[in-house]
Amino acid sequence: DGEPSGTAGRPMRAVLEGEGLVGVVVLVTRYYGGIKLGTGGLVRAYSDAAEAVIREAMFELVVDRVRLRVSGIPVAHVSKLYQLGAGDRYDASLLGDV
């Protein structure tokens, strides 16, 4: 297609890594010809586009969760399990001596 090598993906990846973003995809569609922009112009165009998206994006923290199957718990401790499941992080003190 005539696109100079290393002028799109690498610059955008550098922007994402510079912001500490992982597991993120940026999609840029360019309508203006690369020959007229030149290699430096393409790098700036793609980098600027990625930076603009990051400035405008709304991010949401994704937290990995694990499903546990529990059996043999006394009924008196079931509410503690529900509290543990609703918490933002694991807190073993909720279970006490279970």
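Select Ser-47 to begin. Ser-47 is buried, with a relative accessible area of 14%. Buried means under 20% relative accessible area, exposed means over 50%, and partly exposed lies in between (1.4 Å probe, protein chains only). Ser-47 sits in helix α2. Leaving out residues up to four places away in sequence, Ser-47 touches Pro-11 and Val-15. A contact here means heavy atoms within 4.5 Å.

Some ground rules before moving on. This is a predicted model, in which local features need pLDDT of at least 70 and side-chain atom pairs count only at pLDDT 80 or more, while totals for chains, interfaces and linings use all residues. Residues are numbered from 1 along each chain as its sequence is written, and side-chain values use heavy atoms, with hydrogens and water left out.

**The whole chain**

Zoom out and show the cartoon. The protein chain has three helices and zero strands. Its pattern along the sequence reads α-α-α. Helices (H or I, at least four residues) and strands (E, at least two) are DSSP runs, numbered from the N terminus. Buried residues make up 17% of the 98 residues. Of the contacts with a separation of 6 or more, 52% join residues 24 or more positions apart.

Now color by pLDDT, the predictor's confidence in each residue, from 0 to 100. The chain's mean is 81, and 81% of its residues reach 70 or more. Among the elements, α1 has the highest mean pLDDT (95) and α3 the lowest (73). Where pLDDT is low, the predicted coordinates should not be read in detail.

**The core**

Next, select Ala-8, Met-12, Val-15, Leu-16, Leu-21, Val-26, Leu-42, Tyr-46, Ala-50 and Ile-54. These ten residues form the largest nonpolar core. Helices α1 and α2 are the elements that give two or more residues to this core. The largest share, four residues, comes from α2. A nonpolar core is a set of buried Ala, Val, Leu, Ile, Met, Phe, Trp, Tyr and Cys residues joined through side-chain atoms within 4.5 Å.

Center on Met-12. Which residues does Met-12 touch, not counting those up to four places away in sequence? They are Val-26, Val-28, Tyr-46 and Ala-50.

**The salt bridge**

Select Arg-13 and Glu-17. The structure holds one salt bridge, and Glu-17 forms it with Arg-13. Their closest N and O atoms are 2.8 Å apart. A salt bridge is a side-chain nitrogen of Lys or Arg within 4 Å of a carboxyl oxygen of Asp or Glu. Both residues lie in helix α1 (residues 9-18), four residues apart, about one turn of the helix. Arg-13 is exposed at 55% relative accessibility. Glu-17 is partly exposed, at 49%.

**The surface**

Go to Ile-35, in helix α2. Ile-35 is exposed, with a relative accessible area of 80%. The C-alpha atoms of Ile-35 and Pro-4 are separated by 8.7 Å.

Then select Val-75, Val-78 and Tyr-82. They form a nonpolar patch on the surface, with about 340 Å² of accessible area together. Such patches are made of residues with over 30% relative accessible area and no salt bridge; like charges are joined within 9 Å, and nonpolar side chains (Val, Leu, Ile, Met, Phe, Trp, Tyr) within 5 Å. Val-75 lies in the loop between α2 (34-56) and α3 (78-86). At 72% relative accessibility, Val-75 is exposed.

The protein chain exposes about 8,300 Å², and carbon and sulfur atoms supply 54% of it. Accessible areas come from the Shrake-Rupley method with a 1.4 Å probe; for residues, only the protein chains shown count as cover.
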